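This report describes how a single protein chain is folded. Please look at the sequence and the model before reading on.

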Amino acid sequence: MGLLIQPSTELFPVAETSDVGAARRAVGKLARTLTLSDGDVGAAELATAELATNLEVHAGSGHVLVRAIPGRRALEVIAVDRGPGVGGAPPGGGGLGVGLEAVDRMASTFDLFSRRAGGTVALARFEFGEPPPPTALEVGGVSVPAAPFDANGDGWAVEYDEAGCTVVVVDGLGHGPSAHEAAQAALTALADTGERDLRTWLQRAHDAMRSTRGGVASVARVDLVRGVVEFAGIGNVSGTTVASAERRGLASRPGLLGTEHRVPRIEVVEVPWKRGSTLVLWSDGLRSGVRLDDPPDLLGHDPAVVAAALHRDFARGNDDATVVVVQERGARTS
Ligand SMILES: [Mn+2]
């Protein structure tokens with residue numbers, strides 16, 4: 001599939017009934033670019049309206065995250081709130097309420113993470129047509145530009161290979177259109193290289209960003225065959241693995257890409273990857289102190305749900321914010 005450069009996540013705040021329409025219309029517009037079926041478009045719109053209405057009615061307010069998933073005809077809608085939480089019954093268990101049960105039926109994937117007093121994250125993923133064969137690793141992410149910009153100064157991408165995948169997160173200096181240009185220059189330069197050496201990834205990003213204002217980046221490769229995660233970073237895109245409640249920070253080198261003639265010194269670190277491990281990368285649009293063990297059952301959820309919850313709980317709100325989560329399919333642990 002090559003490098004899959006991920007689109008920016010659209011965030012729609014929902015505080016009153018009239019906000020529901022904006023999220024529904026955005027999903028309808030996106031769905032129409034992915035499928036010709038009026039029925040599929042209608043289902044995605046209806047599910048979005050239901051999720052957004054739920055935010056307003058049950059939580060008072062929240063936001064809806066929307067993105068297309070590259071490499072397949074699919075989109076994701078995630079409703080996020082800090083409300084009182086939903087019943088606690090599993091989907092189909094009768095305690096969800098009619099609205100969420102309908103969303104569960106309409107979506108290809110539905111996942112709900114809800115805590116009493118801690119808020120709710122509800123994911124509905126829609127596949128239009130036959131999805132590609134499942135990859136051994138599941139990757140979810142949220143990347144939201146700082147208001148008031150539409151252009152996202154952060155960017156991220158995934159490349160799957162026969163042994164796992166490589167994930168890169170780039171943060172262009174500052175925010176707005178020039179930061180966006182820097183981040184996209186780096187990602188575009190990484191497309192179709194087939195490269196496995198993480199030093200080369202960062203070297204290419206550096207070279208590509210020299211004609212821009214520059215930025216920072218981290219890249220991580222999960223290799224299921226060797227049972228390791230390799231990581232290399234320049235600047236403050238953070239990385240961590242969690243396995244059986246054991247957390248290991250992945251060390252970046254200080255510096256900037258694209259601003260000096262020479263690339264800063266790159267070091268590749270390697271930590272073990274076990275079945276049930278989680279890898280998380282995040283940009284400095286999240287404040288320090290990101291916690292992955294609280295709530296304790298968060299990591300048992302879809303990677304997109306994990307990313308949306310971490311974004312909700314840790315985004316500073318004044319910078320582009322990106323969280324990417326990698327887990328092994330069928331091996332999620334709580
Ligand atoms: Mn930043």
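## Basis of the report

The structure is a predicted model, in which local features need pLDDT of at least 70 and side-chain atom pairs count only at pLDDT 80 or more, while totals for chains, interfaces and linings use all residues. Residues are numbered from 1 along each chain as its sequence is written.

## The whole chain

The chain contains six helices and 16 strands; helices (H or I, at least four residues) and strands (E, at least two) are DSSP runs, numbered from the N terminus. The radius of gyration of the chain is 19 Å, close to the 20 Å that the globule rule gives for 334 residues, so the chain is as compact as a globular protein of that length. This radius is taken over C-alpha atoms, and the globule rule is 2.2 Å times the number of residues to the power 0.38. Along its principal axes, the C-alpha trace spans about 60 × 40 × 40 Å.

Of the 334 residues, 49% count as buried. A residue is buried if 20 or more other C-beta atoms lie within 10 Å of its own, exposed if 12 or fewer, and partly exposed in between, with C-beta atoms placed from the backbone. Two residues are in contact if their C-beta atoms, placed in this way, lie within 7 Å. Among contacts with a separation of 6 or more, 67% join residues 24 or more positions apart.

## Two domains

Domain 1 covers residues 3–127 and domain 2 covers residues 137–328; such bounds come from an automatic or database domain assignment. Their C-alpha centres lie 25 Å apart.

In total, 19 residues of domain 1 are in contact with 23 residues of domain 2. On the side of domain 1 that touches domain 2, strands E1 (3–5), E4 (74–81), E5 (109–115) and E6 (119–127) each supply at least two residues. E5 gives the most, with four residues. The residues of this side divide into ten nonpolar, six polar and three charged. Here Ala, Val, Leu, Ile, Met, Phe, Trp, Tyr, Cys and Pro count as nonpolar, Asp, Glu, Lys and Arg as charged, and the others, Gly among them, as polar.

## The nonpolar core

A nonpolar core is a set of buried Ala, Val, Leu, Ile, Met, Phe, Trp, Tyr and Cys residues joined through C-beta atoms within 7 Å. The largest one has 99 residues, of which Leu-75, Ala-186 and Ala-217 touch the most other members. Helix H2 (residues 38–59) gives the most to this core, with eight residues.

Leaving aside neighbours within four places in sequence, Ala-186 is in contact with Val-170, Ala-205, Ala-208, Met-209, Gly-215 and Ala-217. The buried residues of helix H5 include Ala-205, Ala-208 and Met-209. Among the elements covering the buried residues of H5 are strand E9 (164–172) and helix H4 (177–190).

## Individual residues

Thr-166 is found in strand E9 and is buried, with 22 other C-beta atoms within 10 Å. Not counting residues up to four places away in sequence, Thr-166 touches Glu-159, Val-219 and Arg-221.

Is Ala-117 buried or exposed? Ala-117 is exposed, with 8 other C-beta atoms within 10 Å. This residue lies in the loop between E5 and E6 and has a positive phi of about 70° although it is not a glycine. In the loop between strand E7 (137–144) and strand E8 (154–161) is Pro-148; the peptide bond from Ala-147 to Pro-148 is cis, with omega near 5°.
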